[in-house]
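Thank you all for coming.

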Amino acid sequence: MTAAARVLRLLVERGETLAVAESLTGGLVAAELTSVPGASQAFRGSVTAYATPLKSEVLGVDASRLAEHGAVDAGVARQMAAGVRRVLGADWAVATTGVAGPEPQDGQPVGTVFVAVCGPRGAGKVAALRLNGSRADIRKESVRCVLDLLSGELGENASAQDTEQNGGN
């Protein structure tokens, strides 16, 4: 089972939804998710905020943070995920931002990527990645990593919910 299929299955089982905010992946996360039959049961949609100003204008990323740190930043990834979750009305959201190359961006070398997850309980997690390979390799690996991060969060969240429902044991 692919990471996308696993994530969608978990979301459908829980009756929850997912939104995606993408920069360097340019729609590849959404494409991976929608390649799974029945994805519409959990996938709400996506925003490809490739241009830096859109991260602020559409997703609500703090403009001063973008000005100070650039778009390739852990906090930007976290705010992108929170923003798309809010804008598209989803239970969960993921975001990707980084440098796929061929040139460095915002003082960050090629292969610097941040992926984030935001869920019903708030901030979620951000993973900092240092990826190697071609532009296509970096983008493909970013998709895999963000879906794996979400899968892990869904698994941990399910364990926490189960513990709560069983009196904390």
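A residue is called buried when its relative accessible area is under 20%, exposed when it is over 50%, and partly exposed in between, using a 1.4 Å probe and protein chains only. The model is predicted, so local features need pLDDT of at least 70 and side-chain atom pairs count only at pLDDT 80 or more, while totals for chains, interfaces and linings use all residues. Residues are numbered from 1 along each chain as its sequence is written, and side-chain values use heavy atoms, with hydrogens and water left out.

Let me start with Glu153, which counts as buried because its relative accessibility is 11%. Glu153 lies in helix H6, residues 135-165, where helices are DSSP runs of H or I with at least four residues, strands are runs of E with at least two, and both are numbered from the N terminus. Leaving out residues up to four places away in sequence, Glu153 touches Trp92, Val117, Gly124 and Lys125, contact meaning heavy atoms within 4.5 Å.

Now to the nonpolar core, a set of buried Ala, Val, Leu, Ile, Met, Phe, Trp, Tyr and Cys residues joined through side-chain atoms within 4.5 Å. The largest one has 33 residues, and among those with the most contacts inside it are Leu33, Leu147 and Leu150. H6 gives the most to this core, with eight residues. Leu33, setting aside neighbours within four places in sequence, is in contact with Ala4, Leu8, Leu18, Val20, Ala39, Phe43 and Leu147. A second, separate core of 21 residues includes Ala71, Val72, Met80 and Val99.
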